[in-house]
Amino acid sequence: MHRLLLAPLLALPLLLGACSPAPSAAFQGYVEGDYVYVATSQAGRLDKLHVQRGQNVSASAPLFVLDAQPEAALAAQASAQLAAAEATLADLREGKRPPELDVIRAQLREAESELANARSKATRHAELVRDNALPKENADDSATALAVALARRDAVQAQLKVAQLAARDEQIRAQEAQARAQRALLAQAQWQLQQKAVRSTQDARVIDTLYRSGEWVAAGKPVVKLLPPGNILLRFFVPEAELGKLQQGMQLQATQQNGSKPIPVKVTFISPVAEYNPPVIYSNESRHRLVFRVEATPAASEAVSLHPGQPVEVSAP
């Protein structure tokens with residue numbers, strides 16, 4: 001029994017909210033726009049202005065181009081430096097080139113031939129010394145020459161072995177870091193070059209162009225002033241007595257003075273701060289002049305027919 005009584009009571013606040021009265025008056029307001037000022041992070045002479053005032057542009061449409069010769073030169077320099085760094089890295093990883101290895105192998109063959117001659121000479125002189133046919137000093141000289149030839153052969157063999165190896169790990173890691181740094185510099189140079197040609201990021205109307213071709217544009221200075229349809233809104237003022245009838249997200253309609261069909265709009269902002277229109281000192285007699293600023297947005301398809309500064313009248317559908 002209690003559950004049957006409780007359900008209608010819980011539903012009562014929802015019914016009361018759904019039956020809240022709509023605004024009983026029409027509110028005066030105007031069309032406003034949140035403009036997009038298009039600039040670039042790079043400075044330069046304005047080479048080409050692709051748009052003009054009043055023109056509608058689509059997303060990715062070109063807007064303007066600045067002189068890009070310095071940035072193009074930097075990008076080319078960074079690309080060449082990266083190629084050099086990568087070539088050095090490849091050389092370190094592979095070791096000596098084949099022609100250089102051929103030279104060392106030829107030196108090794110020469111050293112081995114000299115070693116064979118020195119060994120044969122030392123053996124012959126040793127036999128002659130044993131037969132007392134040659135002074136011992138000659139045998140000593142031959143033995144020294146043999147030791148020198150053997151050392152030279154060993155040195156060339158070691159040189160060939162090292163030449164067939166890649167560079168040390170530390171050298172390779174250092175060159176890899178150098179190549180990464182050059183890639184980063186190239187990416188930065190290419191990004192700066194891309195900043196010289198600016199495109200629209202969304203569909204919009206060109207409200208104004210702030211520079212002419214041939215003029216110098218400082219970094220960060222807007223060149224084109226855009227107004228996307230989604231940035232068009234209505235601002236109107238609601239008396240305190242009617243404020244409680246408005247809620248954020250409520251659907252209203254805006255009527256233009258040219259007699260066109262009303263445009264549906266949605267309330268997106270209700271100011272928590274009161275204003276006076278016109279400014280007066282607050283009193284009970286002037287309380288009816290207390291108003292609150294309210295903003296509403298139309299659908300993008302309807303916004304294209306509205307113009308900033310245009311007066312409108314907002315009311316319940």
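Figure 1. Gly33 stands opposite Ile232, a residue of S10. The model is predicted: local features need pLDDT of at least 70 and side-chain atom pairs count only at pLDDT 80 or more, whereas totals for chains, interfaces and linings use all residues. Residues are numbered from 1 along each chain as its sequence is written, and side-chain values use heavy atoms, with hydrogens and water left out. Strands, here and below, are DSSP runs of E with at least two residues, and helices are runs of H or I with at least four; both are numbered from the N terminus. S1 and S10 pair in the antiparallel sense over 5 bridges; two strands count as paired if DSSP finds at least two bridges between them.

**Figure 2. S10 and its partner S13.** S10 is also joined to strand S13 (residues 290-298), by 6 bridges, and the two run antiparallel. Within S13, Arg293 is the bridge partner of Phe237. S10 is mostly covered, with 6 of its 8 residues buried. A residue is buried when its relative accessible area is under 20%, exposed when it is over 50%, and partly exposed in between (1.4 Å probe, protein chains only).

**Figure 3. The aromatic pair of Phe27 and Phe236.** Rings of Phe, Tyr and Trp (its six-membered ring) pair if their centres lie within 6.5 Å; planes under 30 degrees apart are stacked, over 60 edge-to-face, and the rest tilted. By this rule there is 1 aromatic pair. Its members are Phe27 and Phe236, which are stacked at 6.0 Å centre to centre with 10° between the planes. Phe27 belongs to strand S1 (residues 27-33) and Phe236 to strand S10 (residues 232-239), so the pair ties together parts that are 209 residues apart in sequence. Both Phe27 and Phe236 are buried.

**Figure 4. The nonpolar cores.** A nonpolar core is a set of buried Ala, Val, Leu, Ile, Met, Phe, Trp, Tyr and Cys residues joined through side-chain atoms within 4.5 Å. The largest such core has 20 residues, and those with the most contacts inside it are Leu234, Phe236, Leu246, Leu252 and Val314. At least two of its residues come from each of S1, S10, strand S11 (251-256), strand S12 (263-276), S13 and strand S14 (311-315). S10 gives the most to this core, namely 4 residues. Apart from this core lies another one, of 17 residues, including Val51, Val198, Tyr211 and Leu226.

**Figure 5. The open sheet S2-S9-S7-S4.** This open sheet has 4 strands in the order S2-S9-S7-S4, with antiparallel pairing. Strand S2 (36-38) and strand S4 (56-57) are the edge strands, each pairing on one side only. Strand S7 (residues 204-209) and strand S9 (residues 224-227) pair in the antiparallel sense over 4 bridges. Here Asp208 stands opposite Lys225 in S9, and Thr209 stands opposite Val224, also in S9. S4 pairs with S7 in the antiparallel sense over 2 bridges, with Ala204 in S7 as the bridge partner of Val57. Lys225 also lies over the face of Tyr35, at 4.2 Å from the ring centre. A charge sits over a ring if NZ of Lys or CZ of Arg is within 6 Å of the ring centre and within 35 degrees of the ring normal.

**Figure 6. The open sheet S6-S5-S3-S8.** Here 4 strands form an open sheet with antiparallel pairing, in the order S6-S5-S3-S8. Its edge strands, each pairing on one side only, are strand S6 (197-199) and strand S8 (216-217). Strand S3 (residues 44-49) pairs with S8 in the antiparallel sense over 2 bridges. Trp216 in S8 is the bridge partner of Arg45.

Figure 7. Gln182 lies in helix H5 (residues 169-194) and counts as buried because its relative accessibility is 9%. Leaving aside neighbours within four places in sequence, Gln182 is in contact (heavy atoms within 4.5 Å) with Ala78, Gln81, Leu82 and Ala85. Ser301 lies in helix H7 (residues 300-303) and, at 59% relative accessibility, counts as exposed. Ser301 and Pro229 are 72 residues apart in sequence and 7.8 Å apart in space, C-alpha to C-alpha.

**Figure 8. Confidence along the chain.** The predictor's confidence in each residue is given as pLDDT, from 0 to 100. The chain has a mean pLDDT of 82, and 84% of its residues reach 70 or more.
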